[in-house]
Structures are given as structure tokens and as C-alpha cells.
Amino acid sequence: MKKGKDKMSETYFWWTEEHKAIAKKVEQFVEEHFEEAEKYFWKRKFPWPLVQKVADEGYFGAGIPKKYGGLELGATGACIVAEQLGRLYSVGHVFVVSMLAGLEQLLRFANDEQKEKWLPQLASGKKLGAVCITEPFAGSDAANVMTTAEKDGDEWIINGKKRFITGGGVADRYFIYAKTSDDPATRKNYGHLTSFIVEKGTPGFSLERINPLIGFDNVPNAYLSFDNVRIPEENRIGPIGKGWTVMMAGLNFERLIAGAVLVGTIRDLVHLLYYYTSRRIQFNRTTNQFPGIQNVIAELIAKYRMGRLFSYHCAKQLDDGLEPMIDASISKWFVSEYVREAGVKAVQLLGGDGLTKFYPAERLVREGKISEIVAGTSEVQQMIIYRFASMLPLYNKPMRLRWDEEVNAPIISNKKSKFHGLEVNEENVLKVIAHDYKVNPGLYMTVDDVREDIGGGRAEIRKILENLEASKKIVMHRDRQGKIALVKATYKGIQEAFPKEYYRWFPDWYDTTDKF
């Protein structure tokens, strides 16, 4: 990276010339309006004039095709703009929420007429948007929506509540999800939701409450009320009953952009710490001379660079037509934690000054904490990572431990079991399961583990397992459908399968006189 006058953010080799140009332009815009955004923060006023300037620059159209008035810069372009606007307090949140209020959903599920109507409006930024999922009944359990939408001729009648809606009141366009079926079977298959756009000013649609959050100081966060709200059929986005699919389609982009809007704030915090520690004297030296202080700043720089790089890595995947479910969740989770941790460390480094609002360190603690909850909690991101990774052989590939006679110990092996090819009967199946006690004393075997070791068909093996269970030689764990999932030899089964000496094992160094 260049030193001196070049203080612009680093670009990446896969960025196009258009990406590099917009990055330079939006960063200059942010530098020019940074002080203005800070004034709105102190006045606790929504920055309408500044938002209008962002709209005039066309930044709301970063990820929207040119045919609809956008810049057509994809997910990467949207991240570039989000990263920089996130440095303008509250403006980044407004930008992100307006983008999330239908961009991916409209691009994927709207018909041509709907795209012609809504996408130019989104790109212009003249009317802001908000996304409405959370309810008194639905938080992390996003499918548990109770707001209803009933068809009445060419209209839909919506009733219910939405809460924790960022931009509530200042937004004109609300992308909502409502329940359109009470059928249990439909609900089980996530076919009970449908997505709609509701416009501000529609009769029966009102602002119910503004939440005083720990952060988002001058961005309204609202409860919304829907009282027999009638909207036209043309405001339904996607097929009836496909609301869950529509919702999920935008989540990778949502998680990505929610992380990107915060990552740039870490760099501004680093600027503050370099400034502060070079001017603060304790114990007759500037505090930046203390190794502990240097370590904190180094850590924040590392987290900034890692979080930023991973965010743009995810954006590249989206632009390449991939669905980075795992990486998008990692990005959202890690960047949120990085920001909160950076704020906490900065407050500690600044000491008493860090506890005041005169330095923008405590603000980042609050913003980071909110980020760990909104757009999917960190725990939900971890759940997504685990579940999707469990489906991929890259992480969850078949593996077996076999007892190796040469080293007299269990090792990971691709070799066939020594029981393979034996007659499939109760005696030999019990030996297979009892032998696994020697290899994995605390683990159960799957039915497929047993079949892999000895052979035989599933029905044949299951019948033998049931007989062994009835004779109390094994115990079985069944799944929710009552099917055999895991099996393990009981003490009775272990004793019957092999003599006691079969299971004994001692390291070479163990004194034989101590054995009993």
C-alpha cells in the first residue's frame, strides 16, 4: 500500500475499474461529509439532507441494473458503498436497510411490471425502504409470522404487527412477510408465507411506537400496525406461499451488506487511537510507546483487514452467481463481533475519555452489540454454519477408526473391518458392536456403521438389532420417527461377545505389578 497522501481504502485485484472508480468517489464523498454526519449525531436528528445528497450521487443504485436507473455494480459495488457510508453515522444504516427492503427479492421474484415500478424508485433513493420480518411472535424464529394477509378479490387485507423495523416512519416502502395459510402441512413445508410491499400512507397502516435502542441513535426503530390494510394484487412479490423462499433468497446479501456497513468504522477507530495515543502522556511517555497499547492497535488493524477482505470475498462469490451461505454467515458473525470487540478495547485504551461520548469509541460498542442481534443473531449465524457445513463432505466426510494390530491402537483408517465378509447373524453383529466399544468406548454406532463393518441389507440388520435389544445385549437410540439411529453394546453384550482380555490395554510404560 502507498504511504503519505494516499489514504484511500485498499482495492482488491478482482475489482473492475468501475468498482475502483466508485470506491474512490464514495470515499471522497464520505470525507467531505463526515463532519456533517457527526453534527446530526449530536443533534439526534435524522439526516434527511445528507441522505438526499447520497441519493443525488446515485449510490442507492449501486447494486441495481442500469436499465432500472442503477449503477449495476453488483454485490461488490453495494459493499463498497456500504463500507464507506457506514462511516457516516446513521447514513450507512439507512442505505443498507433501504437496499434490503426488496433489492434481491425484486431482482429474483418480481415480474417485469413490478421491476419497472419499484427498482427505479429504490435506485433513486428518493423514497427509502424498510424490511419487515420481526414481530412479537417472530424473532430468530422468522417463520413464526402471525401477521396475516387474506385475499379479497383483486386486493389483499393485511392485519398484524411488525417490530424492530429500522427506518420505520422515515421509509416510504415496506417489504413485509405475512401468513397466507393456516394449514399445518403447508406450515411444515414453509409454504404459509407470502411477501408484499406496503406503501406509507396506505389506510390502516400506521406507526405504533419508536424504540429507544442502545444504539442507532438518530435512526428510528419502530413498531408498525396493520389494521385491515388493503393493498393491490400487484404489490404481492413472488408466488403465493413462496414468502419463505423469497425471504431466504435475500439473506446472503443481507448478511454480507450488514457486515460491510460496519467494517469501515474499525479503520476510523484506528485513526482515533493513533491520534489519541500519540498525544496522551502517562508515566512520562506517550501512551503509544507502551507495547500493550501497540498490541491493541495492531489487533484492531488485523480485524479490520480480515473482516474487510472476507466481506469482499463473499461479495465476489455472489457476483459470480454462487450462494455463499456459510461464508455470508461467517462474515456477518465475525464482523459484528470484531466491531463490538474493537469498541470495547478502544474504550479501555482511552480510559476515562473512552467512557464519554466526546470520542466515538463507546458508540462502536453499542453499534457492534446491535449488529450481533439484527439481521440474524450471531447464534443464528453459527447455527446456519453448522447445519450447512454438515451437508458438505468438505467438513463432514465419512470417517472410521479401526483397531490397528501393528501399533495396538485405534487409528483413522479406510481399510475394511476385520469382520467384513462374516455371516450376518446375531453373534457376529454383536461382535461388531462390542468391538466398537474397544475402539470408541464412549460412542454409539450408526446402522450404516454396522452394515459397513459386516455387510448385509438394512432390513436384515435392523431385525437383528431389534433381537439384540430385546435380549438386552445392546441399547438403541431412535430418531423422532422411531427409527433406529444409533446402537451400542451393553455390559452384557460386551461380556458375551469377547473374553475380558480382549478389551484390556495398557501402555508399555505401565508397571505390570500394578495390574489387577
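Strand β5 (residues 193-199) is mostly covered, with six of its seven residues buried. Buried here means under 20% relative accessible area, exposed means over 50%, and partly exposed lies in between (1.4 Å probe, protein chains only). Strands are DSSP runs of E with at least two residues, helices are runs of H or I with at least four, and both are numbered from the N terminus. This is a predicted model, in which local features need pLDDT of at least 70, side-chain atom pairs count only at pLDDT 80 or more, and totals for chains, interfaces and linings use all residues. Residues are numbered from 1 along each chain as its sequence is written, and side-chain values use heavy atoms, with hydrogens and water left out.

## Strands and their partners

Let us stay with β5 for a moment. Strand β4 (residues 173-179) runs antiparallel to β5, and seven bridges join the two. If you look at tyrosine 174, you will find valine 198 of β5 as its bridge partner. β5 also pairs with strand β8 (residues 236-237), again in the antiparallel sense, through two bridges. There, phenylalanine 196 has arginine 236 of β8 as its bridge partner. Two strands are said to pair if DSSP finds at least two bridges between them.

Strand β2 (residues 148-152) and strand β3 (residues 155-166) are antiparallel and share five bridges. Glutamate 150 faces isoleucine 157 of β3. The β2 and β3 hairpin has two residues between its strands, and glycine 153 takes a positive phi near 65° in it. β3 also pairs with strand β7 (residues 221-232), antiparallel over nine bridges, and glutamate 155 stands opposite proline 232 of β7.

## Residues worth a look

Glutamate 104 belongs to helix α5 (residues 103-109). Its relative accessible area is 16%, so glutamate 104 counts as buried. Beyond residues up to four places away in sequence, glutamate 104 touches Ala249, Gly250 and Phe253. Contact means heavy atoms within 4.5 Å.

Arginine 255 sits in helix α9 (residues 251-277). With 6% relative accessibility, arginine 255 is buried too. Leaving aside neighbours within four places in sequence, arginine 255 is in contact with Met325, Ala328, Ser329, Lys332, Ala375, Gln381 and Ile384. Alanine 375 is 120 residues from arginine 255 along the chain, yet their C-alpha atoms are separated by 6.6 Å.

Serine 90 has a positive phi of about 80° although it is not a glycine, and its place is in the loop between α3 (74-85) and α4 (91-100). Asparagine 228, in strand β7, has a positive phi of about 50°, and it is not a glycine either.

| Residue | Relative accessibility | Class |
|---|---|---|
| Glutamate 104 | 16% | buried |
| Arginine 255 | 6% | buried |
| Serine 90 | 1% | buried |
| Asparagine 228 | 48% | partly exposed |

## The chain as a whole

Stepping back, the chain has 17 helices and 15 strands. Its C-alpha trace spans about 85 × 80 × 40 Å along the principal axes. Of the 516 residues in the chain, 50% are buried. Among contacts between residues at least 6 apart in sequence, 69% join residues at least 24 apart.

The chain exposes about 26,000 Å², and carbon and sulfur atoms supply 54% of it. Accessible areas come from the Shrake-Rupley method with a 1.4 Å probe; for residues, only the protein chains shown count as cover.
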